[in-house]
Amino acid sequence: MIRFFNTLGGAVEPFVPLEPGVVKLYTCGPTVYDYPHIGNWRAYVFEDLLKRSLMFRGFKVVHVMNITDVDDKTIRGARAAGVGLEDYTRPFIEAFFEERDSLNVLPADHYPRATAHIPEMVTLIKALLDKGFAYRKEGSVYFAIDMFPSYGRLSRVCLEQRRAGSRGDADEYEKESVHDFALWKSPKEGEPSWDTEIGPGRPGWHIECSAMSSRYFGPSFDIHCGGIDNIFPHHENEIAQSEAANGVKFVGTWLHCHHLVVNGEKMAKSKGNFLTLETVLGKGFSAREVRFLLLSTHYRKMLNFTDEAMHQARAGLERIRNFLVDLEDIKRDGGPDPDVVRLAERSREEFAAALDDDLNISEALAALFTFIKSANVLRDKGRLTRGDAVVLGGLVLELDDKVLGVGVAGPAVYPSPLEGTFDALVQKKIEARQAARAERDFKLADDIRMELLDMGVLLEDTKDGVRWKKIASPKN
Ligand SMILES: [Zn+2]
């Protein structure tokens, strides 16, 4: 039984999709007014873990992630840069896809862009006008929250202190100023505008997700995700728009991911602690280490991003990788032993069961590391055969390939344009050493071997070529 903490209702509850075996998942995507930061990636990596866990349990997941390429922020940015909206957003969209691949986040099935779905938004706004949930004011259209009695159910905003009839045009606002919000904004000087049946103008941010989710899923679907910042007003408003227009429950399960802070502080450009993936890679970490750190904190906990935490992530990955490397040394024929097969099966189930429990990644990783420990005990006793090694290593590779996605087997199975400052460097040095040996320059070859040892890399020459593993650096 899979269980999630549903923000709607605020409790852990069993997850049952509308259609057996299929999960319709909508995740709020990037607003492409800037490069994504590491906090954005925390949410996207959490969503990737959610999706992979469901797929691991046999669900088919249909995933839609929107791209907000028109809203207050993108318009402001384009104006400041003196370029059109499309030219302004393009590099940020490209960066998003590139970094998504570096972090081994599975692509969504659809990435609808807001600017390509204006007709769907207009249709939805028309329905809201027809049903009396929306009204016109000076060329704009607003949602009348008084007409929707369950407004506030998701975020539990207090409606009492609200000034009657207050309204606002901004896409983002605080809980304290809950008000009628803009579905459609009248044309303004220097802003993009579309000529439509409801008049000229451009959409508000919230209507975009309501329109694009129903375009791909219809009026109801299973899971909607975002960061906790999205709960109010964005997701509250999505529910109001969609349920008022369609008259059916919009989303069954809402999952929200907590903030990421850097060295205990909220990220802000003014504080100089605004981290992008590129800045973290620039410090010599790899994308897979970043991914491992981002996914290894439970999504409902605040994640404190520090260099120390990155080093811990690196050490965790090295433990997994070294386990696989050491298994290669087992040459004794035979097996697999039924006890070894049972150990692998039990561990696989423990790992999956932990994720079934509201994505309890700490328990899942604990199951993995306990498994590695047990296997190492058997190995140290000399009990393992080649057949056992295949089963043990196979489980780690499967969990990594299907769920964790951190590429423990190395760059070969995890190609990435931004990947592997460390692994790539090691590989280069190994190649240089091979070249030196081929030219019979054994002094140089040995110097390179010592250099690698100083980096904590131990080389092993085998008949299948050179293998390396990470050991504690003798210099540390
Ligand atoms: Zn959204």
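Colleague: Which side chain does the side chain of Arg-100 join in a polar contact of 3.0 Å?

Modeller: This is a predicted model, in which local features need pLDDT of at least 70 and side-chain atom pairs count only at pLDDT 80 or more, while totals for chains, interfaces and linings use all residues. Residues are numbered from 1 along each chain as its sequence is written, and side-chain values use heavy atoms, with hydrogens and water left out. A polar contact is a pair of N or O atoms within 3.5 Å, where within protein one must be able to donate a hydrogen and the other to accept it, and residues adjacent in sequence count only if both atoms are side-chain atoms. For Arg-100, the side chain joined in this way at 3.0 Å is that of Tyr-111.

Colleague: Is Arg-100 buried or exposed?

Modeller: Arg-100 lies in helix H3, residues 85-102, where helices (H or I, at least four residues) and strands (E, at least two) are DSSP runs numbered from the N terminus. Leaving aside residues up to four places away in sequence, Arg-100 touches Trp-41, Val-105, Pro-107 and Tyr-111, a contact being heavy atoms within 4.5 Å. The relative accessibility of Arg-100 is 10%, and the class follows from the cut-offs (under 20% relative accessible area is buried, over 50% exposed, in between partly exposed, with a 1.4 Å probe and protein chains only). Arg-100 therefore counts as buried.

Colleague: Which strands stand at the edges of the open sheet of three strands?

Modeller: The sheet has the order S13-S12-S14, with mixed pairing, and two strands pair if DSSP finds at least two bridges between them. Strand S12, residues 260-262, is joined to S13 by two bridges and runs antiparallel to it, with Val-262 opposite Glu-265 in S13. Two of the strands have a single partner strand each, so one side of each is left without a neighbour in the sheet; these edge strands are S13 (265-266) and S14 (303-305).

Colleague: How many residues lie between S15 and S16 in their hairpin?

Modeller: Strand S15 (residues 457-462) and strand S16 (residues 465-470) run antiparallel and are joined by six bridges. Within this pair, Leu-458 stands opposite Lys-469 in S16. The number of residues between S15 and S16 in the hairpin is two.

Colleague: What percentage of the residues of the protein count as buried?

Modeller: The protein has 14 helices and 16 strands, and its C-alpha atoms fill a box of roughly 80 × 50 × 35 Å along the principal axes. Of its 476 residues, the share that counts as buried is 54%.
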